[in-house]
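Student: I have a chain to go through before I set anything up. Can we walk through it together?

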Amino acid sequence: MEITKEMTIGELLQAAPEAAPVLLGAGMHCLGCPASQGESIEEAAMVHGIDVDALMDQLKAL
């Protein structure tokens, strides 16, 4: 499975539950919130002030 910026947090966690610690470590502590489930990785990174490209590098390294 390819992880893309456009994937929602919900899609990512369903396909790769091992991504949760990466997201939590980046400061995304509300992984179970209904709003976060529908946000794209890129949108969530923007909201949290996270460099989306650095986050994507970490996620793709899983």
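Student: Is I9 buried or exposed?

Tutor: I9 is buried, at a relative accessible area of 1%. Buried means under 20% relative accessible area, exposed means over 50%, and partly exposed is in between, with a 1.4 Å probe and protein chains only. Keep in mind that this is a predicted model, where local features need pLDDT of at least 70, side-chain atom pairs count only at pLDDT 80 or more, and totals for chains, interfaces and linings use all residues. Residues are numbered from 1 along each chain as its sequence is written, and side-chain values use heavy atoms, with hydrogens and water left out.

Student: What is the pLDDT like, on average and by element?

Tutor: pLDDT is the predictor's confidence in each residue, from 0 to 100. The chain averages 91, and 100% of the residues score at least 70. Confidence is lowest in α3, with a mean of 81, and highest in α5, at 96. Where pLDDT is low, the predicted coordinates should not be read in detail.

Student: How many helices and strands are there?

Tutor: The chain has 5 helices and 0 strands, so the pattern along the sequence reads α-α-α-α-α. Helices (H or I, at least four residues) and strands (E, at least two) are DSSP runs, numbered from the N terminus.

Student: And how does the radius of gyration compare with the globule rule?

Tutor: The radius of gyration is 10 Å, close to the 11 Å that the globule rule gives for 62 residues, so the chain is as compact as a globular protein of that length. The radius is taken over C-alpha atoms, and the rule is 2.2 Å times the number of residues to the power 0.38. Along its principal axes, the C-alpha trace spans about 25 × 25 × 20 Å.

Student: Back to I9. Where is it, and what does it touch?

Tutor: I9 is in helix α1. Not counting residues up to four places away in sequence, I9 touches L23, M28, L31, S36, Q37, E39, S40, I41 and A44. Contact here means heavy atoms within 4.5 Å.

Student: Which residues have the most contacts inside the largest nonpolar core?

Tutor: They are I9, L12, L23, M28, I41, L55 and L59, in a core of 20 residues. At least two residues of this core come from each of α1, α2 (20-25), α4 and α5, and α5 gives the most, with 4 residues. A nonpolar core is a set of buried Ala, Val, Leu, Ile, Met, Phe, Trp, Tyr and Cys residues joined through side-chain atoms within 4.5 Å. In soluble globular proteins, nonpolar side chains tend to be buried together.

Student: What is I41 in contact with?

Tutor: Leaving aside neighbours within four places in sequence, I41 contacts I3, T4, K5, M7, I9, L12, V52, L55, M56 and L59.

Student: How accessible are D53 and K5?

Tutor: D53 is partly exposed, with a relative accessible area of 42%. K5 is partly exposed as well, at 25%.

Student: What about G27?

Tutor: G27 lies in the loop between α2 and α3 and is partly exposed, at 26%. G27 and H48 are 21 residues apart in sequence and 7.2 Å apart in space, C-alpha to C-alpha.

Student: Last one: where is A61, and is it buried or exposed?

Tutor: A61 is in the segment after α5, and at 63% relative accessibility it counts as exposed.
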